[in-house]
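Come along and check each entry against the view below.

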Amino acid sequence: MYQLEMLNTNHGSNKYLGIKYGGSMEIKLFNKNIKDKVYHFLENVKGLVIDDNIVNNASVMLEEDEILGMISFEKFGYIGLIRYFIFQRTITDIYTIELLNNLMEKARNEDVTTLISIINNLEVEEIFVLLGFQEVDKENVFFDETIFSNTEYKDSKVFIKKI
């Protein structure tokens, strides 16, 4: 069971959906009230380069005020590239779905119409399929003017979701 709650997240006059679940589980968009916790969480991810623009586009899962995970995107015009998909532990599908739904609401408010995810892990691939993403032919995907299959990510798969 969960309770819907509108949260003012200091994004102009917009208010974004936050979700409180039974117990102490919450999903909310990145905001100044959780900024220090989010950055502390990300600083503990080995090899991660933290980008403020990506963090600002994050949907965050908390339990008892501790960050359990997050998903965020980097905006390229009308496209949002999923960048941080990080969890401290395995979570149930319903929480993953709600985390993405919260992120999609943020993306829509930023005029993003399509989310793209580059995946090289079968378990993560299954999650994104569950979330409604569809695999696309890598030969039709370009980074700048370079075809995807000629990049360092050539062994990964590309998934998209129209939002």
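**The loop between β4 and β5**

I started with glutamate 64, which I found in the loop between β4 and β5. A note before I go on: this is a predicted model. I looked up the backbone angle and found that phi of glutamate 64 is near 50 degrees, a positive value in a residue other than glycine. Is glutamate 64 buried or exposed? Its relative accessibility is 66%, so I wrote it down as exposed.

**Other salt bridges**

I reminded myself that side chains of opposite charge can pair when their charged atoms come close. How many salt bridges are there? My count came to 6.

One of them joins arginine 83 to glutamate 74, and the closest N and O atoms there are 2.2 Å apart. I looked up the cover of arginine 83 and found 40% relative accessibility, so it counts as partly exposed.

Another brings together the side chains of glutamate 110 and lysine 106, at 3.0 Å from N to O. Which side of that pair is buried? I found lysine 106 to be buried, because its relative accessible area is 2% and the cut-off for buried is under 20%. Glutamate 110, with a relative accessible area of 24%, is partly exposed.

**From α3 to β7**

Next I moved to the loop between α3 (93–109) and β7 (114–119), where I found aspartate 111. Phi of aspartate 111 is near 65 degrees, which is again a positive value in a residue other than glycine.

Valine 112 lies in the loop between α3 and β7 too. I noted a relative accessible area of 2% for valine 112, so it is buried. What does valine 112 touch, leaving out residues up to four places away in sequence? I listed Phe73, Lys75, Gly77, Tyr78, Ile79, Gly80, Ala107 and Ile163.

**Asparagine 57**

My next stop was the loop between α2 (52–55) and β4, which holds asparagine 57. At 10% relative accessibility, asparagine 57 counts as buried. Its side chain reaches the backbone oxygen of asparagine 53 at 3.3 Å. Setting aside neighbours within four places in sequence, I found asparagine 57 in contact with Ile71, Ser72, Phe73, Leu103 and Lys106.

**The two ends of α4**

I then turned to helix α4 (residues 122–130). At its start, a side-chain oxygen of asparagine 121 comes to within 2.8 Å of the backbone nitrogen of glutamate 123. After α4 comes glycine 132, and I noted its positive phi, near 95 degrees.

**The largest pocket**

Rolling a probe the size of a water molecule over the atoms shows where empty space is left. How much space lies in the largest pocket? I wrote down about 640 Å³. I counted 19 residues in its lining, and Ile82, Arg83, Ile118, Ile119 and Tyr153 lie nearest the centre. β6 (79–87), β7 and α4 each supply at least two residues of that lining. Which of the elements gives the most? It is β6, with 6 residues.

**The chain as a whole**

To close, I looked up some totals. The chain has 4 helices and 11 strands. Of its 163 residues, 42% count as buried. I found an accessible surface of about 9,400 Å², and 45% of it belongs to carbon and sulfur atoms. Among contacts between residues at least 6 apart in sequence, 57% join residues at least 24 apart.

Key:
Residues numbered from 1 in each chain as written. Predicted model: local features only at pLDDT ≥ 70, side-chain atom pairs only at ≥ 80, totals over all residues. Heavy atoms only, no water. Salt bridge = Lys/Arg side-chain N within 4 Å of Asp/Glu carboxyl O. Buried < 20%, exposed > 50% of the residue type's maximum accessible area, 1.4 Å probe, protein only. Polar contact = N/O pair within 3.5 Å; in protein donor to acceptor, adjacent residues only side chain to side chain. Contact = heavy atoms within 4.5 Å. Areas by Shrake-Rupley, 256 points an atom, 1.4 Å probe, with all protein chains shown as cover. 1 Å grid on protein atoms, 1.4 Å probe; cavity = no way out; pocket = protein on both sides within 12 Å on 5 of 7 lines; lining within 4 Å. Points joined across faces, edges and corners; volume = space filled by probe spheres on them.
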